[in-house]
Amino acid sequence: MDPAAAQRIDATQRVDNTRADDDRLELVVDPARRTGRTLLAGGVAQSYVDVVDPGHLHFEYVRRMAALVDLAAPAGRPLDVLHLGGGALTLPRYVAATRPGSTQRVVERDPAVVELVDRELPPVPPPVRVEIADAREAVGRTPDEAYDLVLADIYRAARMPAHVAGVEFVTEVARTLRPGGVYLVNVTDLPPLVFTRVQVATLRAALADVCLVADRRMLRGRRYGNVVLAGTRAPGRLPVRRLTARATADQVPGGVLHGTALDAFVGGARPARDATLIG
């Protein structure tokens with residue numbers, strides 16, 4: 001890449017990795033928070049990170065995923081974590097700060113993202129390994145029961161790729177979870193949340209216990225946004241009551257659906273499978 005295409009600039013400007021207009025990467029300084037940086041791809045916000053305070057989580061859905069990270073084990077206990085989708089490494093930074101000594105593996109498909117983040121943002125405290133690979137391929141070569149947490153935030157052009165949206169992929173992820181491990185997925189959707197309903201059914205086809213957390217307005221069909229799904233291999237292992245308290249107390253109050261409430265939400269939605277997604 002031409003080094004003139006990327007430069008450090010002030011709070012009104014950007015660090016730019018020039019590519020095609022529809023996927024150009026930029027790191028934008030937050031004018032309201034000088035330590036904040038937003039990673040944009042094709043003008044769409046992908047990640048936000050505070051270069052000084054890894055506990056400052058700007059995006060609502062990231063705070064919901066972080067709540068589940070906090071509730072996955074006693075405070076401060078190191079965990080083995082797999083991140084599918086790296087972005088600006090917001091959640092790896094959070095895990096490193098809140099659970100020091102955690103072993104983290106980050107899988108990011110786009111080498112330009114890895115290059116920009118590595119060059120322009122502070123490193124994540126070790127042990128963190130960043131791997132340039134496809135998420136499904138990386139999961140496929142992961143040993144059984146290797147992780148306490150698997151976090152998926154995988155998007156291309158604001159869409160979840162089909163090959164990571166089906167039962168077959170979730171089944172592979174489940175294989176990599178330890179008995180008490182949790183799989184977290186960020187889902188972007190709009191009313192009437194058809195894709196989210198299918199994704200809940202998909203997780204339920206491969207995992208024993210699943211819940212959903214989202215802005216209450218999304219659950220009422222009033223806005224576009226993000227939904228976080230969580231699933232475990234064993235029933236009764238999700239901290240639903242504590243998660244509900246965390247979601248309610250968030251600056252963007254959320255709701256949690258689980259059990260019969262989640263049954264009603266899913267309705268007649270059927271799991272997605274490779275045969276229909278990718279042929």
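This is a predicted model: local features need pLDDT of at least 70, side-chain atom pairs count only at pLDDT 80 or more; totals for chains, interfaces and linings use all residues.

Me: Why is Thr176 called buried?

Reply: Buried means under 20% relative accessible area. Thr176 has 1% relative accessibility, so Thr176 counts as buried.

Me: Where is Thr176 placed, and which other residues there are buried?

Reply: Thr176 is in helix α5, which covers residues 167–176. Val167, Phe169, Val170, Val173 and Ala174 are also buried in α5.

Me: What do the buried residues of α5 pack against?

Reply: They pack against the strands β5 (80–84), β8 (147–152) and β9 (177–189), and against the helices α4 (135–140) and α6 (194–206).

Me: What makes the pair of Thr176 and Val173 a polar contact?

Reply: A polar atom of the Thr176 side chain lies 2.7 Å from the backbone oxygen of Val173. The cut-off is 3.5 Å between N or O atoms, so the pair qualifies by distance.

Me: Which residues does Thr176 contact, leaving aside neighbours within four places in sequence?

Reply: Thr176 is in contact with Val139, Thr142, Pro143, Asp144, Glu145, Ala146, Tyr147 and Val150.

Me: How do you know that α1 and α8 meet, and how do they cross?

Reply: Arg64, Ala66, Ala67, Leu68, Asp70 and Leu71 in α1 meet Arg242, Leu243, Arg246 and Ala247 in α8. By class, this contact has six nonpolar, four charged and no polar residues. The axes of α1 (residues 60–71) and α8 (residues 240–249) come within 10 Å and cross at roughly 145°. The crossing of α1 and α8 is right-handed.

Definitions and conventions
Residues are numbered from 1 along each chain as its sequence is written. Side-chain values use heavy atoms; hydrogens and water are left out. Buried means under 20% relative accessible area, exposed over 50%, partly exposed in between (1.4 Å probe, protein chains only). Helices (H or I, at least four residues) and strands (E, at least two) are DSSP runs, numbered from the N terminus. Contact means heavy atoms within 4.5 Å. Axes are lines fitted to C-alpha atoms, for helices over the stretch in contact, and angles run from 0 to 180 degrees between N-to-C directions. A crossing is left-handed if the near helix is turned anticlockwise from the far one by less than a right angle, and right-handed if clockwise. Ala, Val, Leu, Ile, Met, Phe, Trp, Tyr, Cys and Pro count as nonpolar, Asp, Glu, Lys and Arg as charged, and the others, Gly among them, as polar. A polar contact is a pair of N or O atoms within 3.5 Å; within protein, one must be able to donate a hydrogen and the other to accept it, and residues adjacent in sequence count only if both atoms are side-chain atoms.
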